[in-house]
Amino acid sequence: MLILSPSILAADFTRLGEQIQETTQAGAQYIHLDVMDGMFVPQISFGMPVLETIRKCTDRVFDVHLMIEDPGRYIEAFAKTGADIITVHAEACTHLDRVLQQIQAAGKKAGVALNPATPLSALDYVLDGLDMVLIMTVNPGFGGQKLIPYCLEKVKELRAICEKRGLDMDIQVDGGIKASNAKEVIQSGANVLVGGSAVFSGDVAANTKEFMDIFREMEAL
Ligand code: DX5
Ligand code: ZN
């Protein structure tokens with residue numbers, strides 16, 4: 001199934017609830033929440049109180065992308081905010097296996113994100129137990145960047161590995177995803193597309209619908 005996960009980082013925060021409703025009504029299945037700590041990535045975005053507030057205004061899948069150092073310190077706290085999927089960066093975890101166990105013990109789906117330069121081999125031993133892999137298609141930290149083309153090679157390789165292992169894995173891509181490259185991204189093997197500026201710049205409902213139309217077209221093939 002093809003899924004759109006709008007990243008609210010690019011939303012108008014004065015109209016956040018309204019804009020989330022617009023993406024939901026136009027068919028987006030997830031909400032992508034980018035938590036940044038100013039250490040793992042340069043920016044500081046938002047944390048638990050914001051997530052708790054947003055949780056009250058949407059029933060969509062809460063897709064929490066933790067761009068924070070040593071995320072094991074906060075798994076239980078983010079689980080309490082109503083996260084459905086918690087994704088941590090392999091690069092930010094000294095004890096990745098332990099953090100994944102924490103996420104699953106909290107009853108949440110576990111994802112691992114890889115920066116562009118991190119090889120897929122970082123996942124070799126944990127892949128079978130994951131719910132999702134997030135292949136970053138930009139260097140994390142900022143919205144509105146351009147997709148790095150070699151990252152799609154990684155998506156292709158990961159899809160092939162999953163097929164070989166018989167895993168029906170969700171592969172998420174994040175960074176520089178637009179309606180104009182969505183087809184190529186899906187053809188590479190991704191099925192969960194994060195859209196920040198592509199969803200929230202301009203007409204949110206129309207932007208979302210453009211993605212959903214592409215998804216319908218691709219699913220009909
Ligand atoms: C970047 C974040 C993204 C960001 C994507 O570090 O993880 O989720 O919001 O923004 P766009 O889609 O504008 O590249
Ligand atoms: Zn993200």
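A backbone N or O atom of glycine 141 lies 2.7 Å from an oxygen atom of ligand 1, a polar contact in the sense used here (a pair of N or O atoms within 3.5 Å; within protein, one must be able to donate a hydrogen and the other to accept it, and residues adjacent in sequence count only if both atoms are side-chain atoms). The model is a predicted one, in which local features need pLDDT of at least 70 and side-chain atom pairs count only at pLDDT 80 or more, while totals for chains, interfaces and linings use all residues. Residues are numbered from 1 along each chain as its sequence is written, chains are lettered from A and ligands numbered from 1 in the order in which they are written, and side-chain values use heavy atoms, with hydrogens and water left out.

An N or O atom of the aspartate 174 side chain is 2.7 Å from an oxygen atom of ligand 1, and for the aspartate 34 side chain the distance is 2.8 Å. Around ligand 1 there are 20 residues, of which Ser7, Asp34, Gly141, Asp174 and Ser197 come nearest; a residue is counted as near if one of its heavy atoms lies within 4 Å.

Strands (E, at least two residues) and helices (H or I, at least four) are DSSP runs, numbered from the N terminus.

Is histidine 65 buried or exposed? Histidine 65 counts as buried because its relative accessibility is 0%; buried means under 20% relative accessible area, exposed over 50%, and partly exposed in between (1.4 Å probe, protein chains only). Aspartate 174 is buried too. The side chain of histidine 65 makes polar contacts with the side chains of histidine 89 (2.9 Å) and histidine 32 (3.4 Å).

Turning to charged pairs, the whole structure holds 10 salt bridges, each a side-chain nitrogen of Lys or Arg within 4 Å of a carboxyl oxygen of Asp or Glu. Side chains of opposite charge can pair when their charged atoms come close. In one such pair, arginine 165 and aspartate 128 have their closest N and O atoms 2.5 Å apart. This bridge links distant parts of the chain, with arginine 165 in helix H5 (residues 150–165) and aspartate 128 in the loop between strand S5 (109–114) and strand S6 (132–136), 37 residues apart. Arginine 216 and aspartate 213 form a salt bridge at 2.9 Å, and both lie in helix H8 (residues 204–219), 3 residues apart, about one turn of the helix. Arginine 216 is exposed at 51%, whereas aspartate 213 is partly exposed at 32%. Finally, Arg15, Glu18 and Glu22 are linked in a network of salt bridges.
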